[in-house]
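This briefing is meant for someone meeting the structure for the first time.

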Amino acid sequence: MVRYSALKGLYEFEKTIGCGGFAKVKLATHLATGEKVAIKIMSKSALGKDLPRVKLELRALKSLSHRHICQLYQVIETETHFFIILEYCSGGELFDHIVEKNRLSESESRIFFRQIVSAVAYLHNLGYAHRDLKPENVLLDHEQCLKLIDFGLCAKPDGGMKSLLFTSCGSPTYAAPELVLGKQYLGPEVDVWAMGVLLYALLCGYLPFDDHNIDSLYKKILSGRYEEPSFMTDASKRLIRQMLQTDPKKRITVAELLTHPWITNNSNPISPYSGLVKKQDDDCIALMAQCHRVMPDEMWKYLRKWKYDYNTATYLLLLGRKRRGLPLKLNTAALKVPINIKHI
Ligand SMILES: Cn1cc(Br)cc1C(=O)Nc1[nH]nc2c1CN(C(=O)N[C@H](CN1CCCC1)c1ccccc1)C21CC1
């Protein structure tokens with residue numbers, strides 16, 4: 001195994017849990033807290049022209065903090081690699097969860113879908129669009145809580161970001177008609193279409209548009225016609241029709257989803273801010289201040305800069321432990337490792 005000296009004393013690598021185009025994801029332990037993390041490793045040479053995508057993903061991840069978005073802990077850049085330290089989701093892919101249960105009931109689908117809507121509403125409120133929503137990009141944590149991952153294609157359309165053409169590898173099974181037509185598009189509507197595909201997959205256990213031949217797949221997507229199995233309720237059918245609407249202008253928006261009767265189903269409407277995770281916690285600050293031999297307000301003054309260095313990772317992981325009711329402890333040796341690497 002390649003020795004990643006940049007992480008020596010800070011993280012201990014375990015096994016590889018994912019291999020993608022130009023990245024690898026490994027399970028690791030954050031040594032100061034003993035918490036598990038997922039480290040996305042990208043070699044700069046392999047990235048080549050995709051380097052801007054990494055910068056885009058990092059810029060997005062640094063401004064996101066939500067219960068249903070995989071949390072960024074630390075970024076380490078060396079001459080040859082990027083190491084992106086992210087939240088570890090031990091429940092695997094939502095996709096596998098659906099497949100093993102064949103399909104989910106309407107109430108279980110609603111529980112998952114409400115979490116996706118909350119995360120996407122939060123994203124859209126910040127002016128971002130994910131643009132690559134698919135079951136493989138929705139993971140589960142140890143409490144069956146959903147986490148969105150892979151923000152490499154996300155865009156800030158109103159950020160003047162010229163929306164990239166559909167460059168994502170992998171099959172466009174979740175691609176909206178305007179994408180398939182290669183039209184310039186704004187992200188939000190594309191996300192709603194993909195969420196419609198996701199909800200259909202939750203309720204049916206298979207995809208609304210699928211074909212091994214790419215041209216007939218495109219034709220099916222552009223037609224907007226798909227099967228409505230008999231076990232689907234009328235309410236589910238109506239909602240999915242509003243999301244799998246081929247004309248993006250007529251497609252339901254995420255804002256309308258937040259109060260949609262199928263979603264609320266006489267429970268409270270979803271607030272897109274329901275998931276904020278980054279906050280000031282005196283116990284975690286005090287423990288870190290003690291280890292660094294500084295005053296707590298000094299410690300918080302440093303932490304609230306959110307530099308995404310080892311201290312950010314330590315603080316966020318301590319917050320997670322506290323939320324799970326676990327004791328707060330720190331292995332000071334790992335905190336003493338000289339920070340001799342450039343942090344971006
Ligand atoms: C699949 N699985 C099973 C268990 Br148990 C845990 C996992 C798992 O992947 N957990 C996990 N926690 N945190 C992460 C992961 C995976 N993961 C990922 O970012 N995984 C993606 C998966 N993408 C889906 C479509 C293409 C690739 C990935 C991206 C690049 C290279 C490899 C993998 C993060 C870091 C955010």
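Two strands count as paired if DSSP finds at least two bridges between them, and strands themselves are DSSP runs of at least two residues, numbered from the N terminus. With that in mind, A38 has L86 in β5 as its bridge partner. The model described here is a predicted one, and the points below are grouped by topic.

**The five-stranded sheet**

- Five strands make up an open sheet with antiparallel pairing, and their order across the sheet is β1-β2-β3-β5-β4.
- Because β1 and β4 (72-77) each have a single partner strand, they stand at the edges, and one side of each is left without a neighbour in the sheet.
- Ignoring direction, neighbouring strands of this sheet are turned against each other by 25° on average.

**Helices across the five-stranded sheet**

- Helix α2, which spans residues 51-63, lies across β3, β4 and β5, and runs at about 30° to β5.
- Helix α13, made of residues 310-323, lies across β1, β2 (24-30), β3 and β4, where its direction is at about 160° to β4.

- Two bridges link β6 to strand β7 (residues 138-140) in the antiparallel sense, and E93 stands opposite L139 in β7.

**The surroundings of the ligand**

- There are 20 residues around the ligand, and those that come nearest are G20, E87, C89, N137 and D150.
- For E87, a backbone N or O atom lies 2.9 Å from a nitrogen atom of the ligand, while a polar backbone atom of C89 is 2.8 Å from a nitrogen atom of the ligand.
- In D150 the atom concerned belongs to the side chain, where an N or O atom is 2.7 Å from a nitrogen atom of the ligand.
- On its own the ligand has 740 Å² of accessible area, and the protein covers 77% of this.
- The elements that contribute two or more residues to the shell around the ligand are β1 (11-19), β3 (35-43) and β5 (81-87), and the largest share, three residues, comes from β1.
- Sorted by class, the shell around the ligand contains eleven nonpolar, five polar and four charged residues.

Note on methods: Residues numbered from 1 in each chain as written. Predicted model: local features only at pLDDT ≥ 70, side-chain atom pairs only at ≥ 80, totals over all residues. Heavy atoms only, no water. Helix = DSSP H or I, 4+ residues; strand = E, 2+ residues; numbered from the N terminus. Near = heavy atom within 4 Å. Polar contact = N/O pair within 3.5 Å; in protein donor to acceptor, adjacent residues only side chain to side chain. Areas by Shrake-Rupley, 256 points an atom, 1.4 Å probe, with all protein chains shown as cover. Nonpolar A, V, L, I, M, F, W, Y, C, P; charged D, E, K, R; others polar. Axes fitted to C-alpha atoms, helices over the stretch in contact; angles between N-to-C directions. Contact = heavy atoms within 4.5 Å.
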